[in-house]
Amino acid sequence: MFFLSSYIAFQIWAVAFAIFLFDVLSRPTAFRGWLARIFQWLGTFSFSRYIVHLPIIVLIHSIAFNSVHQVSVVPFCATLLVVVGCAYTFSFVFERPALALSQMLKGKPHLATRSGSTE
């Protein structure tokens with residue numbers, strides 16, 4: 001589908017994700033197990049993913065692909081893995097220390113220590 005039109009492909013992905021999201025939200029007790037743990041883990045550094053995704057995507061595609069549009073899904077998957085890895089690292093270096101400092105300045109215990117989680 002990507003080779004026909006990226007716009008059509010994006011619309012298909014958007015509709016599929018909307019259906020998936022509606023299904024998950026309509027029965028939250030069914031969303032358990034390993035898939036839920038993956039999404040919870042991804043949620044622990046969502047702001048870092050938001051911050052780093054665009055610069056990393058632009059960097060990878062300008063260096064590795066000379067900014068040429070890719071028709072294969074393999075470069076997308078590889079780029080996604082790099083973005084997640086970089087965002088996870090970014091969260092440890094910047095996001096978590098900043099949140100801990102913010103909580104300390106407010107006089108509240110760190111969020112991770114209140115919830116009993118070490119992540």
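**Exercise 1. Which residues form the largest nonpolar core?**

Before starting, note that this is a predicted model, in which local features need pLDDT of at least 70 and side-chain atom pairs count only at pLDDT 80 or more, while totals for chains, interfaces and linings use all residues. Residues are numbered from 1 along each chain as its sequence is written, and side-chain values use heavy atoms, with hydrogens and water left out.

*Step 1.* Recall the term: a nonpolar core is a set of buried Ala, Val, Leu, Ile, Met, Phe, Trp, Tyr and Cys residues joined through side-chain atoms within 4.5 Å. Buried means under 20% relative accessible area, exposed over 50%, and partly exposed in between (1.4 Å probe, protein chains only).

*Step 2.* Pick out the eight members: Leu42, Phe45, Val52, Ile56, Ile60, Val83, Val84 and Ala87.

*Step 3.* Ask which elements supply them: H3 and helix H4 (74-106) each give two or more residues to this core.

*Step 4.* Look at one member, Leu42. Beyond residues up to four places away in sequence, Leu42 touches Arg49 and Val84; contact here means heavy atoms within 4.5 Å.

**Exercise 2. Describe the helices and how confident the predictor is in them.**

*Step 1.* Count the elements: the chain has five helices and zero strands. Helices (H or I, at least four residues) and strands (E, at least two) are DSSP runs, numbered from the N terminus.

*Step 2.* Check the confidence. pLDDT is the predictor's confidence in each residue, from 0 to 100; the chain averages 81, and 83% of the residues score at least 70.

*Step 3.* Where pLDDT is low, the predicted coordinates should not be read in detail.

**Exercise 3. Is Thr79 buried or exposed, and what does Thr79 touch?**

*Step 1.* Locate the residue: Thr79 lies in helix H4.

*Step 2.* Apply the cut-off: Thr79 has 6% relative accessibility, so this residue counts as buried.

*Step 3.* List the partners: setting aside neighbours within four places in sequence, Thr79 contacts Ile57, Ile60 and His61.
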